[in-house]
Amino acid sequence: MTTACVQHDPISRPIVLVGLMGAGKSTVGRRLAHRLHLPFADSDHEIEEAAGLTIAEMFEKYGEAEFRDGERRVIARLIDGSPKVIATGGGAFMNEQTRMLILEKATAIWLDADIETLVERVARRLGSRPLLNGTDPREKLRTLAETRNPIYALAPIHIHSKPLPHDSTVDQIMKALGR
Ligand code: S3P
């Protein structure tokens, strides 16, 4: 008896997860990287390491524009051609230069979820997300979705993450990648 063995082409480009806060980009990204035997990088984490400050501290000390500049530079460094999975912060793909780089050099995946799921997930780490400070998170996420979703939609792969265990989202992504 022979055993069928499916050979896949190796992943040749970075895989970049984009989408709103609470979509699960970091958790799903880490698990996806594990399944694909690739390194994982989280752009928010890389910015924090480079600055020696948390994102909340960076917003407070230097303002959003400075954070966005750091974010652009960190993502450009991460997209160095070597295959890996990169989770980006929710606003990264809004920067035209970053978006063009991602679309040209990587495989972008829009990780999407309905507002209730996002609200529930961000509630776990509200203080670490300065854009939600002093706002009604549901309302803020709804307006962000309205302005950002048409841009996230430029990603060639769109995955709707349901309020299910993250592994089922990873399964959906693997399928979309033909794995
Ligand atoms: C932001 C999302 C955050 C972080 C920063 C700004 C945004 O990342 O980069 O607070 O503009 O949507 P997550 O999407 O990982 O929460």
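Trainee: How many aromatic pairs does a search of the whole structure find?
Mentor: Keep in mind that this is a predicted model. The search covers the whole structure, and the aromatic pairs it finds number two.

Trainee: Are the planes of Phe59 and Phe67 stacked, tilted or edge-to-face?
Mentor: Start with the centres of the two rings, which are 5.1 Å apart. Stacked needs planes under 30 degrees apart, and edge-to-face needs over 60. The planes of Phe59 and Phe67 stand at 45 degrees, so the pair is tilted.

Trainee: Is Phe59 buried or exposed, and what about Phe67?
Mentor: The cut-off for buried is under 20% relative accessible area. Phe59 and Phe67 share one label, and that label is buried.

Trainee: Which residues have the most contacts inside the largest nonpolar core?
Mentor: That core has 49 residues. Four of them have the most contacts inside it: Leu32, Leu36, Ile102 and Ile173.

Trainee: Which residues is Leu36 in contact with, leaving aside its neighbours within four places in sequence?
Mentor: Leu36 is one of the core residues with the most contacts. Set aside the neighbours within four places in sequence, and Leu36 is in contact with Ile11, Ile15, Val85, Met174, Leu177 and Arg179.

Trainee: How many salt bridges does a search of the whole structure find?
Mentor: Again the whole structure is searched. One of the salt bridges joins the side chains of Arg77 and Glu46, at 3.4 Å from N to O. The salt bridges found number twelve.

Trainee: How many residues apart in sequence are the parts that Arg77 and Glu46 tie together?
Mentor: Arg77 lies in helix 4, residues 64–78. Glu46 lies in helix 2, residues 43–51. The pair therefore ties together parts whose separation in sequence is 31 residues.

Trainee: Where do Glu146 and Arg142 lie?
Mentor: Their side chains meet in a salt bridge of 3.1 Å, N to O. Glu146 is exposed at 56% relative accessible area, while Arg142 is partly exposed at 36%. The two are four residues apart, about one turn, and both lie in helix 7.

Conventions
Residues are numbered from 1 along each chain as its sequence is written. This is a predicted model: local features need pLDDT of at least 70, side-chain atom pairs count only at pLDDT 80 or more; totals for chains, interfaces and linings use all residues. Side-chain values use heavy atoms; hydrogens and water are left out. Rings of Phe, Tyr and Trp (its six-membered ring) pair if their centres lie within 6.5 Å; planes under 30 degrees apart count as stacked, over 60 as edge-to-face and the rest as tilted. Buried means under 20% relative accessible area, exposed over 50%, partly exposed in between (1.4 Å probe, protein chains only). A nonpolar core is a set of buried Ala, Val, Leu, Ile, Met, Phe, Trp, Tyr and Cys residues joined through side-chain atoms within 4.5 Å. Contact means heavy atoms within 4.5 Å. A salt bridge is a side-chain nitrogen of Lys or Arg within 4 Å of a carboxyl oxygen of Asp or Glu.
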